[in-house]
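Me: Hi! I've just opened this one and could use a guided tour. Can you show it to me?

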Amino acid sequence: MKKFNYGTEHLTIGICLDIATGKVQGVIDEDAAARIHASWKEVEKIVHAHLPVYGINTGFGPLCDTRISEEDTSLLQSNILKSHSVGVGKPIPQEIAKLMLITKVQALAQGYSGIAPATLDRIIWHIDNNVIPVVPEKGSVGASGDLAPLSHLFLPLIGLGYVNVGDEKHPADDILRKHNLQPLVLGPKEGLALINGTQFILAFAIKAVERLNNLLNTADLIGAMSLEGLMGAARPFDARLHAIRPYKGTKLVAKRLATLLHGSAIGNAHVDCDRVQDPYSLRCMPQVHGASRNAWLHLKELTEIELNSVTDNPVIFNADDTISGGNFHGQPLALPLDYATVAAAELGNIADRRCYLMSEGRYGLPKLLTEHAGLNSGLMIPQYTTAALVTENKTFCFPASADSVPTSLGQEDHVSMGSISGRKLHMVLDNLEYIQAIELLYASQAMEFRRPLESTPVIESLHQLVRQHVPFIKEDRIFADDINSLHQLIINGEFQSVAAETAQKHNININDDDEFGIY
């Protein structure tokens with residue numbers, strides 16, 4: 001199995017996800033082990049020399065001026081895990097919790113946190129054996145680190161809290177006993193190092209980058225199918241047009257659409273028609289989808305910086321040089337997460353408009369995309385669902401990062417609320433996946449009314465994929481079943497995979513920009 005060296009190598013979003021899925025194993029190499037050991041020993045020097053350093057021999061937050069005796073420094077660290085475990089709500093997905101473990105190891109392994117080597121080894125044991133702590137979804141304000149969720153994440157280290165093994169939840173101490181492991185006794189600074197950091201926000205950002213990347217690519221593919229069903233023009237995707245307004249995302253989308261549509265018999269059949277221009281939801285796909293891609297690119301860039309950062313506090317350079325700063329503050333990710341939330345919602349907005357456009361009975365399509373409207377409602381009501389989901393997404397677009405509620409008796413007087421930004425983005429992505437499934441239902445139906453004309457190999461392969469799961473609509477049926485089938489094609493990656501495989505088979509290049517990848 002391929003190895004990744006925590007704290008030494010550069011961690012990308014793709015590699016992080018591969019560690020989480022077991023495709024790559026994260027390890028501590030000799031260089032990282034030496035740094036970790038040296039930092040651990042520097043903390044011991046601080047304790048023995050009775051040097052006042054925040055969180056090592058002082059209380060926390062507003063108790064930072066309260067000195068802690070040398071003999072109580074270990075108790076202080078276990079107490080912080082217990083007292084800060086105040087999360088509420090449903091557990092976060094196991095994959096997110098595992099990403100939190102992975103990203104915490106990457107931060108601690110850089111050797112600025114004073115963590116004991118044995119503690120890191122135990123965290124890696126949890127990762128490698130898929131013994132994943134149970135973490136409630138709510139309770140972090142995104143500053144001083146994601147304190148509550150990280151506390152729950154690391155309770156199992158001291159034999160407390162709960163873990164998931166497969167789909168079963170167990171008390172952590174039961175699983176430790178089963179594996180002949182003892183709870184750890186945390187040393188000075190360790191509890192604080194574990195719970196200071198942005199790993200809750202970061203884990204949601206990592207998964208959002210992956211999910212939104214899939215949906216951005218899917219938006220172009222379904223958008224091209226919708227354009228073909230509506231007999232829209234490909235001319236607005238001419239590279240010359242976008243060279244004179246050269247946003248990266250816009251240029252990429254225009255190139256993808258032009259490539260996907262090149263040589264289409266459907267497109268060629270109406271080159272000389274009298275339609276001067278198409279509605280915005282068709283001809284402005286490069287500008288709208290592209291703007292969302294620009295937001296994604298910004299989120300990816302900042303997420304990768306955070307992946308390779310040290311975000312706990314204080315930072316230990318040596319026993320005589322420690323800095324109590326604010327690297328745990330979530331604002332650098334909170335803002336782009338909120339921006340990405342708007343970007344994802346906009347993909348849904350424009351997709352809903354294309355659904356409506358296909359149902360109007362324009363451009364030679366039957367009203368509601370059914371030949372027997374009246375007795376049959378056809379595709380009238382699925383657009384109600386997209387309208388509802390679009391509106392729900394709009395309510396999620398208020399930026400959580402625009403708010404701050406002072407905490408810790410005013411010591412932490414500005415917080416990021418980035419944890420809410422991250423969770424909220426995934427709520428929008430959940431809705432967007434269904435919106436795209438519904439647009440795919442409309443687009444595949446609309447294309448049938450252009451027969452015997454056919455589109456290009458990639459688009460036709462996608463239409464065939466849809467028809468393997470959802471038949472042509474001749475009369476009303478339970479459309480929720482169709483929507484759920486198409487939703488699965490989108491979220492499991494099959495829709496994109498078929499497009500990529502067909503493109504490769506026909507030497508068509510639709511994914512040629514590494515900057516928009518996750519590795």
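**A walk through the helices**

Me: Does the crossing of helix 14 and helix 15 count as left-handed or right-handed?
Reply: The crossing of helix 14 and helix 15 is left-handed (the near helix is turned anticlockwise from the far one by less than a right angle; clockwise would be right-handed). Helices here are DSSP runs of H or I with at least four residues, strands are E runs of at least two, and both are numbered from the N terminus.

Me: Before we go on, where do the numbers come from?
Reply: This is a predicted model, where local features need pLDDT of at least 70 and side-chain atom pairs count only at pLDDT 80 or more, while totals for chains, interfaces and linings use all residues. Residues are numbered from 1 along each chain as its sequence is written, and side-chain values use heavy atoms, with hydrogens and water left out.

Me: Thanks. At what angle do helix 14 and helix 15 pack?
Reply: Helix 14 (residues 285–307) and helix 15 (residues 331–359) pack at about 155°, and their axes are 9 Å apart. Axes are lines fitted to C-alpha atoms over the stretch in contact, and angles run from 0 to 180 degrees between N-to-C directions. The two helices are therefore roughly antiparallel to each other (an angle over 145 degrees).

Me: Which residues of helix 14 and helix 15 meet?
Reply: On the helix 14 side they include M285, V288, H289, A295, L299 and L302, and on the helix 15 side they include P332, L333, Y339, A343, L347 and I350. By class, the contact of helix 14 with helix 15 has 15 nonpolar, 5 polar and 3 charged residues. Contact means heavy atoms within 4.5 Å. Nonpolar covers Ala, Val, Leu, Ile, Met, Phe, Trp, Tyr, Cys and Pro, charged covers Asp, Glu, Lys and Arg, and the others, Gly among them, are polar.

Me: New pair: how do helix 4 and helix 9 pack?
Reply: Helix 4 (residues 94–108) and helix 9 (residues 199–229) pack at an angle of about 115°, and their axes are 8 Å apart. The crossing of helix 4 and helix 9 is right-handed.

Me: And which residues in helix 4 and helix 9 meet?
Reply: Helix 4 brings E95, I96, L99, M100, T103, K104 and A107, which meet Q199, F200, L202, A203, F204, I206 and K207 in helix 9. That contact divides into 9 nonpolar, 2 polar and 3 charged residues.

Me: Now helix 6. How many of its residues are buried?
Reply: In helix 6 (residues 147–154), 8 of its 8 residues are buried, meaning under 20% relative accessible area with a 1.4 Å probe and protein chains only. Among them are L147, P149, H152 and F154.

Me: Let's zoom in. Where is S461, then?
Reply: S461 sits in helix 18 (residues 457–469). At 12% relative accessibility, S461 counts as buried. Its side chain reaches the backbone oxygen of V458 at 2.6 Å (a polar contact is a pair of N or O atoms within 3.5 Å, one able to donate a hydrogen and the other to accept it; residues adjacent in sequence count only if both atoms are side-chain atoms).

Me: What does S461 touch, leaving out residues up to four places away in sequence?
Reply: S461 touches V498 and T502. The C-alpha atoms of S461 and T502 are 7.0 Å apart, although 41 residues separate them along the chain.

Me: How about N393: where does it lie?
Reply: N393 lies in helix 16 (residues 382–395), and with a relative accessible area of 1% it is buried. Beyond its neighbours within four places in sequence, N393 is in contact with A345, M427, V428, N431, L432 and I435.

Me: What is the phi of M231?
Reply: M231 has a positive phi of about 50° although it is not a glycine. M231 is in the loop between helix 9 and helix 10 (239–243), and it is buried at a relative accessible area of 16%. H270, in the loop between helix 12 (265–268) and helix 13 (280–283), is in contact with M231, G232 and A233, leaving aside neighbours within four places in sequence.

Me: And what about the phi of M417?
Reply: M417 has a positive phi near 55°. M417 is in the loop between helix 16 and helix 17, and at 8% relative accessibility it counts as buried.

Note on methods: Parallel < 35°, antiparallel > 145°, perpendicular 65-115°, else oblique. Buried < 20%, exposed > 50% of the residue type's maximum accessible area, 1.4 Å probe, protein only.
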